[in-house]
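These notebook entries record what I looked up in the structure shown below. I kept each entry brief and set down the values as I found them.

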Amino acid sequence: MSVRSAAIRVPATKYPVERLTLSNGLRVVLSPDRTAPVVGVAVVYDVGIRSEPEGRTGFAHLFEHLMFQGSENLEKLAHFRYVQGSGGTFNGSTHFDYTDYFETLPANALERALFLEADRMRGPRLTEENLRNQVDVVKEEIRVNVLNRPYGGFPWLKLPPVMFDTFPNAHDGYGSFVDLESATVSDAAEFFERYYANGNAVLAVTGDFDVAEATRLVEAHFGDVPARKAPPRPDFAEPDLTAERRESYTDRLAPLPAVAAAWRVPDPIDDLAGYLPYVVLAEVLTDGDASRLVERLVLRDRTVTSVGGYLGFMGEPFAVRDPTALVLQAHLPPGGDVDKVMATIDEECQRLATDGLASGELARTQARMVTHQLREIDAVLGRCLQVAVLEQQRGAPELVNELPRLIAEVTEEQVVAAAAALTAQRRASVEVIPGGGNK
Amino acid sequence: MREVPALGPNRPMKLPKIVEQTLSNGLTVIAIRRPTVPLVEVRLRVPFARANLARAAVLTQTLMSGTDGMSGVEIAAELQRVGGALSAGADPDRLLVAGNSLVGGLGRLLEIMASVLTGAAYPAGEVATERGRLADRIRMALSQPAHLAREALYKRMYGRHPYAVQTPTPEQVLAVTPGAVRKLHAERIHPAGATLVIAGDITPQKAIDTAERALASWVGDGKDVELPKVPPLEPGPLTLVDRPGAVQSSLRLALPAVPRTHPDHAALQLANLVFGGYFSSRWVENIREDKGYTYGPHSTIEHAVAGSSLVAAAEVATEVTAPALLETMYELGRLATLPPSEDELEQARQYALGTLQLGMSTQAGLAGLAATYAAFGLRLDYLAEHAARLAKVTVDEVAAAAAQYMAPARLAGVVLGDAERIEPSLSALVPLTRAGSESA
């Protein structure tokens, strides 16, 4: 069986994608799909962890919480009650390069959701009482996800400070309690003024609506948000590593060792063609029992109990900007040898770089990646968030339909070249030393 | 002030096209058409009550590890070729094999499913590898407060019922032999009583024909194993489980509940929402948005085949553990003794109805719902019937359900946390009992 004949036919989706820009500068993406009576609404602001000021670690996330605490025409708690009282769900999340706010609702609540998002785009109610309350809530969130559990923040909070040197890329995005407690209402007002301009935002709507009607509603609710321009986006670039970096820390709750390693990758936005082979490589290495590292490390050598690989420290390959990385992480059995695991990973990358891929290996990996992409966008919200971020970072929301083809067009030569670039001297890694009683 | 826009007219719930058929081997197949993305989801549910915990766990991890004709790696590669994957899991009620693929791969996906159902070999080497991994995963779970709290709660709730212990120990897992797994498979993995759900960009009858061709060779019959009903929840002292040095306490409070088909179910579901079942509930607005004690408190009605229960869960800062419990008891007591407002009920009702629509708007959501309902003898038309019941529930019915099921006097609960720091203040509020060592 030749590699060529093993290639699958890559199915495509044909979601319509309409783009418009309001006179105040707000960019809008509309993608209708009338097969279920639900809609997704998302507003994405082009500000994230990397834009936090020094001395204010965790501020982008804290501010995200404040955007739910009332706005021009809405008391505290009103946003939640209007969304859920319409039969919908909501959330927001803070990433390295963006912050999103979103709702999924029955289609008859579309106009209400647009109203709610427009209202807080005009301005959240920033009060001392709400700030102190949400500092407390965020501290509990950090305790749940980081401080009160083993492997908290591993590796997304632990690897960036090893790999990067500058504050924007290296600092703890959840934030220190000292910094969070130091935050003031005027910090929040300045942050809103600078980064939450409509010119710095994208609104996306997906699901069961008529485009003309939705356009009218968007104009009606967002059209009079005062125009404010996007701030210039800083250059976060850092040079690639020229010598290996390796650190370790003791996790007092962890019962078993773990390790994560990262290598810089090409610019995901400016060099998509150069970046895609790394996205595919991560899956060749770690997707399922037939992947290189699972077969070798888990099933054959039994030197790890699990291994995973992905792009970007949050594992969202098409929602991250440069500089970012391909990340591999592994959990080891009791007494496991991290050095040996790292050496085997190097060996397997070298073998891939030297011997190439097996017949059908690339095509089957790509087929599975296509399923993952299609599955993500089957949900009205998954589609909404994807088109919003693709518009914001690339001005290309139509990629939502094209990613399967682009993934399938990555060639064996490109994957081999990517594997050859995962060398030890370009690697940043962090090891978890178990400090927990083996209960 | 700007007016918040009114809602547009409600769009009626539309069920997808569904065909159900029992195959000649006794397998029930439910095929659901949702032609959005060109994928298909599959869920195979096999009754597994009273299966030995450790053997069941090893079985699920090695079901896909090889047949006479294919190695585990070959199985994984063959599935990938059609964009597919399959995985297995077990709980005290059932074994579930779940997966998906590109829609053109449905035939191959089901063929591979059939080959492991009829010919899983459980090779000794693979079984040894997987039980080692499983033991490590259990060791990791035993360091997670959420897992420890849940384990303690199940013991508190279920006493001697099989639901009381749902995770085997690492030692039990490491002692499982390939022979024991093969025996369990032979005894329990049969098409009679099992349900296969296929959902996606399919024509239902054609998908059923595909399933018939692929799975016809899976035959056999086993005994029908049923669990006794869960014992009634026994109210009593709060069980304190020590976790020295914990910076948060895990509150887990159980209350009685009723199955989906019970006449009180819709009213209890709405009462639970008003209390703590969604963000805009009294409990969340109180202990998170007012007091800042916690990040994500949540109460849920959990349905298992042998019984239903309501569980309220929150991780709260160690220093406010007792105040958080106080507010929790206050909110439960308030709802059990005073009716909610019409507005509160209406808000909860809209949420319950809307999330039914959201839950059935994806292929994976439909497949999951259909497989879950099938375990209780229900079909997706339950969604429409339940929506009609939710629409009619009155304030009085919600108040009655809260009084009957959610009164703080009926609580059975556990708190996992730093006992030295939380015991004095907790014991000022409620009687406490100390659990034995938390270690497994």
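**Entry 1: a residue in a strand of chain B**

I began with B:A412, which counts as buried because its relative accessibility is 0%, under the 20% cut-off. The model I am reading is a predicted one. I then looked up the secondary structure and found B:A412 in strand β11 of chain B, which covers residues 412-417. Which residues does B:A412 contact, leaving aside neighbours within four places in sequence? I listed B:L153, B:R156, B:L233, B:E234, B:R252, B:L253 and B:A254. I also checked a distance: B:A412 and B:P263 lie 149 residues apart in sequence, and their C-alpha atoms are 24 Å apart in space.

**Entry 2: the domains of chain B**

I looked up the domain assignment of chain B, which gives domain 1 as 17-215 and domain 2 as 238-434. The contact between them involves 33 residues of domain 1 of chain B and 31 residues of domain 2 of chain B. Over C-alpha atoms, the centres of these two domains of chain B are 30 Å apart. I noted that domain 1 and domain 2 of chain B bury about 2400 Å² between them, with 66% of that area on carbon and sulfur atoms. Which residues of domain 1 of chain B lose the most area to domain 2 of chain B? They are B:R34, B:L153 and B:R156, which together make up 20% of what that side buries.

**Entry 3: a residue at a helix of chain B**

I turned to B:L53, which is in helix α1 of chain B, residues 53-62. B:L53 is partly exposed, because its relative accessible area is 29%. Leaving aside neighbours within four places in sequence, I found B:L53 in contact with B:V165, B:Q166, B:T167 and B:P168. From B:L53 to B:R288 the C-alpha distance is 37 Å, and the two are 235 residues apart in sequence.

**Entry 4: the domains of chain A**

For chain A, the assignment gives domain 1 (17-222) and domain 2 (245-434). I recorded 27 Å between the centres of the two domains of chain A, taken over C-alpha atoms. In chain A, 48 residues of domain 1 are in contact with 49 residues of domain 2. The area buried between these domains of chain A is about 3900 Å², and carbon and sulfur atoms give 67% of it. A:Y151, A:F154 and A:M163 supply 19% of the area that domain 1 of chain A buries against domain 2 of chain A, more than any other three residues.

**Entry 5: cavities**

How many cavities of 30 Å³ or more does a search of the whole structure find? I counted 5. The largest cavity has a volume of about 60 Å³. Its lining includes A:D33, A:D378 and A:R383 from chain A, and B:R34, B:S361 and B:T362 from chain B. I sorted the lining residues of the largest cavity into 4 nonpolar, 3 polar and 4 charged. Domain 1 and domain 2 of chain A each give at least three residues to this lining.

**Entry 6: a residue in a helix of chain A**

Lastly, I looked up A:M121, in helix α4 of chain A, residues 110-122. A:M121 counts as buried because its relative accessibility is 2%. Residues up to four places away in sequence aside, A:M121 touches several residues, including A:L26, A:F192, A:F222 and A:R228.

Notes: Residues numbered from 1 in each chain as written. Chains lettered and ligands numbered in written order. Predicted model: local features only at pLDDT ≥ 70, side-chain atom pairs only at ≥ 80, totals over all residues. Heavy atoms only, no water. Helix = DSSP H or I, 4+ residues; strand = E, 2+ residues; numbered from the N terminus. Buried < 20%, exposed > 50% of the residue type's maximum accessible area, 1.4 Å probe, protein only. Contact = heavy atoms within 4.5 Å. 1 Å grid on protein atoms, 1.4 Å probe; cavity = no way out; pocket = protein on both sides within 12 Å on 5 of 7 lines; lining within 4 Å. Points joined across faces, edges and corners; volume = space filled by probe spheres on them. Nonpolar A, V, L, I, M, F, W, Y, C, P; charged D, E, K, R; others polar. Domains from an automatic or database assignment. Buried area = accessible area lost by both parts, 1.4 Å probe.
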